[in-house]
Amino acid sequence: MAVEFRLLGDVETRVDGSPIVIGYAQLRCVLAILLVEANRTVPVDHMVDRVWTDRRLPARPRGAVQHTIAVLRKALTAVPEVTISWRSSGYQLDVDPETVDLHRFHALIGQARAAADDDRTAALYEQALRLWHGEPFAGLSTGWLAGVRTRLIQQRNATRLDLTDIRLRRGAHATLLAELRDWTEHDPLDERLAGQYLLALYRSGRQAQALEHYERTRRLLAEQLGADPSPPLRRLHTQILTGDPALRVPAASARHPAPRVVPRQLPARPRLFTGRRRELADLTAALTEPGSVVISAIGGAGGVGKTWLALYWAYQHLDRFPDGQLHANLRGFDPVEEPTPASAAVRGFLEALGVDPAAVPVDTDAAAALYRSLVAGKRMLVVLDNARDTAQVEPLLPGGSSGTVLVTSRHRLTGLVTRHGARAVDLDVLTRAEGRDLLTGHLGTGRVAAEPGAVAELLSRCAGLPLAISIVAARAIAHPGFPLAALAGELRDRPGQLDALDGGDPTTNLRAVLSCSYRALSTRAAAVFVLLGLAPGPDIGEPAAASLAGLSLVDARNTLRELEKAYLVKEHRPGRFRMHDLIRSYATELAGRDPAAQRRLVDFYLHTSLGGARLLDPYRRLYHPGEPAPGVHVQAHPDEAAALAWFAAEHANLVAVQQVAADQGWHSVVWQLPWNLETFHWRRGLLDIAVALWRAGLAAADALADPVAQTIAHQRLGNASAPLGRHDEALHHLRLALTIAEHTGDALHQAHAHLTLAWAHEERGDQRRALEHAVQAARLFHGVGEPSHEANALNTVGWYHALLGEYEEARTHGEAALLLLARQPDRQSQAATLDTLGYVAHQTGEHDRAWDYYRQALDQFRELGFAYEEANTLEHLGQTLYALGRVDEARDTWRRALELYQAQHRTAQAERLRKELAGSW
């Protein structure tokens with residue numbers, strides 16, 4: 001049975017390596033006292049003094065000691081070799097001193113001092129120091145133990161100094177530099193230690209730093225102790241000043257000779273380089289930071305030009321690194337070879353620094369320590385290219401307070417930033433102009449200028465990725481007779497796009513480059529990356545990604561963060577991620593077909609848009625599509641503003657998802673999506689997009705042979721076509737909608753058809769026909785009990801009366817609409833009615849009243865985000881302001897209306913307003 005008592009650290013008892021629980025602090029304190037005095041009797045009175053030195057004595061001190069000993073004996077029953085016995089006036093713990101680390105330490109020190117040679121002495125010192133695990137009696141605080149602790153620490157420090165003298169005699173000064181620096185910072189007034197550090201610096205070729213440290217020590221001694229350096233330290237200073245040969249390492253003892261060469265390991269200077277002004281400036285600015293090694297972590301996707309940037313910057317600033325440049329390709333994401341172990345990279349650096357290969361330590365930590373010692377204080381550049389992670393990089397970081405490190409990686413090295421203060425330099429793709437410059441550098445100005453269209457397409461297909469541009473350029477150079485249009489055509493073929501980006505070896509094959517990043521992912525992240533290739537829109541939010549992958553929101557969020565750290569996605573807005581086009585092509589290539597995942601994504605957009613549509617227009621009848629697929633996270637909108645913001649953020653994705661649904665034959669989704677988007681499209685004036693979606697929706701409704709869906713699709717398609725000037729198409733669809741609704745006896749949709757027919761006739765300039773349809777709509781809405789829609793129809797009737805100059809009828813219908821809306825707070829209809837009443841007031845000369853109506857209408861349209869009607873009301877308000885003589889305000893109002901008309905592609909309205917503005921001058 002192996003027994004071990006530890007006092008040089010936490011007080012512990014171990015049997016066969018397993019700890020024995022001793023219990024509370026007072027118990028460990030008594031054990032420590034008995035072990036320090038092992039095999040000697042400790043009188044009870046002494047025990048009381050040593051345990052309760054700084055604390056209140058118990059009522060019966062001797063009884064307290066007796067009780068503690070009894071508990072301690074019980075705790076040590078598993079250690080039969082140890083006994084605690086009563087000896088006349090006190091207690092004695094009998095134990096083999098070899099089992100107590102404190103006594104073992106003293107024995108080893110005694111043996112070391114009696115040894116005949118340095119090797120034996122050093123080995124014994126090292127063995128003694130390895131017994132230490134921390135501060136003696138850690139966690140225990142009594143006056144007596146504190147005194148013992150102080151003496152033990154002094155003995156340990158003396159041992160370390162003795163060992164250091166031996167190691168210096170043996171020529172290990174370079175290895176000692178880092179730890180001596182740390183010791184002197186902790187104990188700057190120890191003159192013996194200061195002398196050892198001075199000697200190590202001098203022998204490492206750093207005479208100036210040795211002299212600086214001596215001066216710093218001299219000032220500290222004077223300021224804090226009022227004393228001068230001791231004669232031995234002053235003598236050493238003189239020897240360093242004069243370069244005394246006596247300070248050299250004896251030839252027979254030298255193990256780590258000074259570096260023989262200045263390393264110049266950088267690969268060739270990049271021939272072509274463009275852009276990256278901000279990143280180059282950031283790297284240069286970092287050099288001004290004093291007092292520390294400057295580390296810059298250059299991150300980005302495969303092929304984005306990280307190494308390109310690092311080497312270009314390095315060659316621009318070679319004069320700043322006269323002590324050399326080290327470079328290691330760590331192959332963290334290599335298409336052929338495994339990552340380079342840190343131990344191999346350190347060995348390569350040491351050999352480049354002149355260390356004899358036979359003298360390189362086998363242990364990685366020891367080799368790294370030697371490397372740090374050799375480069376500490378030197379003005380060197382270390383380029384660590386293609387790092388896998390922070391752990392691979394850390395052993396290669398220099399020591400000291402100077403030097404610069406550039407690390408490139410396809411993984412965001414967060415640990416390097418947090419633990420070592422590295423600057424993160426994230427690379428994005430090149431701008432279009434930078435990409436053109438790079439292509440021109442490869443092909444020449446003439447060839448690029450000869451085919452501007454093909455060049456534009458090539459740059460668009462390469463999407464600013466330097467590797468892709470260079471691969472295309474290499475292919476063009478290899479085939480000088482090929483038109484660039486032919487190369488653009490190869491990239492145009494989506495399934496074969498990555499085949500066209502193959503430069504002939506793994507490092508210039510974009511698919512192979514991307515595969516390295518993909519293979520480095522966790523299993524779940526790799527699966528999500530592939531599924532993201534199925535997402536049809538330009539970006540994706542966290543709930544949509546969770547639904548696509550069938551993951552919880554937390555798991556999806558964490559996985560997206562992993563993909564972002566690998567630079568395979570980018571969080572371009574909080575919670576929203578997008579892929580580079582070529583990375584998406586690779587993911588899509590891997591994805592193949594997965595209808596279940598696509599259905600989850602489609603259901604997410606369908607059900608979430610349904611909830612948003614209810615908030616934007618609670619009075620419109622919507623159609624519930626049934627339960628979403630399992631794993632879908634339908635996103636709830638807290639209010640109308642949130643719903644509007646969601647539609648704006650997801651609009652391109654919603655449009656793209658309709659095509660996915662159409663491709664899969666999910667016809668109900670195809671017509672219901674534009675129905676959910678209807679209010680948003682009208683508020684934002686996106687009528688051309690609405691027309692495109694409703695055409696697909698109509699085809700789906702016809703495939704379903706669903707008369708309700710067909711009626712809605714025809715009606716909404718006609719409704720969106722009319723303001724775009726497609727009057728014949730609008731009337732055709734609206735009449736079909738009315739016919740189907742009449743055939744099925746659907747009064748509600750008849751009413752909607754009449755209302756939209758009214759508007760279509762207005763767009764054609766036939767206000768009387770428009771009025772007839774509006775009256776029919778109001779009657780039908782009243783009959784089916786739809787007061788909100790009835791109010792809207794009444795307002796429309798009033799509007800057409802106003803256009804016909806029948807202002808009293810117009811005012812009557814508008815006020816009737818407002819009365820209905822007082823009980824049915826439909827803000828959109830209220831705003832439209834206020835606009836009508838404003839128009840009536842303006843036409844009847846009540847301009848102040850008109851201004852008030854228009855202002856109320858405008859406020860409501862803006863609150864709703866209804867930009868389409870906001871533009872109309874602004875035009876009307878401008879007319880009223882002009883009539884009131886407020887000409888400048890009128891012009892400003894018309895200009896805002898013109899901007900909205902132009903943004904909504906309402907050409908006729910914009911042209912009309914330009915004429916009004918021209919006439920208002």
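Student: Which helix holds T756?
Tutor: In this predicted model, T756 belongs to a helix that covers residues 747-763. That helix is α33.

Student: Is T756 buried or exposed?
Tutor: The relative accessible area of T756 is 6%. A residue counts as buried under 20%, so T756 is buried.

Student: Which strands stand at the edges of the open sheet of three strands?
Tutor: The strand order in this sheet is β12-β14-β13, and the pairing is antiparallel. Each edge strand has a single partner, so one side of each is left without a neighbour in the sheet. The edge strands are β12 (540-541) and β13 (570-573).

Student: Which residue in β14 is the bridge partner of E571?
Tutor: Strand β14 comprises residues 576-578 and pairs with β13 over three bridges in the antiparallel sense. The partner of E571 in β14 is F577.

Student: Which element supplies the largest share of the lining of the second largest pocket?
Tutor: The second largest pocket holds about 910 Å³ of space. Its lining has 32 residues, and those closest to the centre are G305, T307, W308, L467 and T507. Elements that each supply at least two lining residues include α12 (306-316), β9 (381-387) and α20 (466-478). The largest share, four residues, comes from α12.

Student: How many residues of this pocket lining are charged?
Tutor: The lining of the second largest pocket contains 13 nonpolar and 13 polar residues. The number of charged residues is six.

How values were computed
Residues are numbered from 1 along each chain as its sequence is written. This is a predicted model: local features need pLDDT of at least 70, side-chain atom pairs count only at pLDDT 80 or more; totals for chains, interfaces and linings use all residues. Side-chain values use heavy atoms; hydrogens and water are left out. On a 1 Å grid over the protein atoms alone, a cavity is a set of points where a 1.4 Å probe fits but cannot get out, and a pocket is an open set with protein on both sides within 12 Å along at least five of seven lines; lining residues have an atom within 4 Å of a point. Grid points are joined across faces, edges and corners, and a volume is the space filled by probe spheres set on the points. Ala, Val, Leu, Ile, Met, Phe, Trp, Tyr, Cys and Pro count as nonpolar, Asp, Glu, Lys and Arg as charged, and the others, Gly among them, as polar. Two strands pair if DSSP finds at least two bridges between them. Buried means under 20% relative accessible area, exposed over 50%, partly exposed in between (1.4 Å probe, protein chains only).
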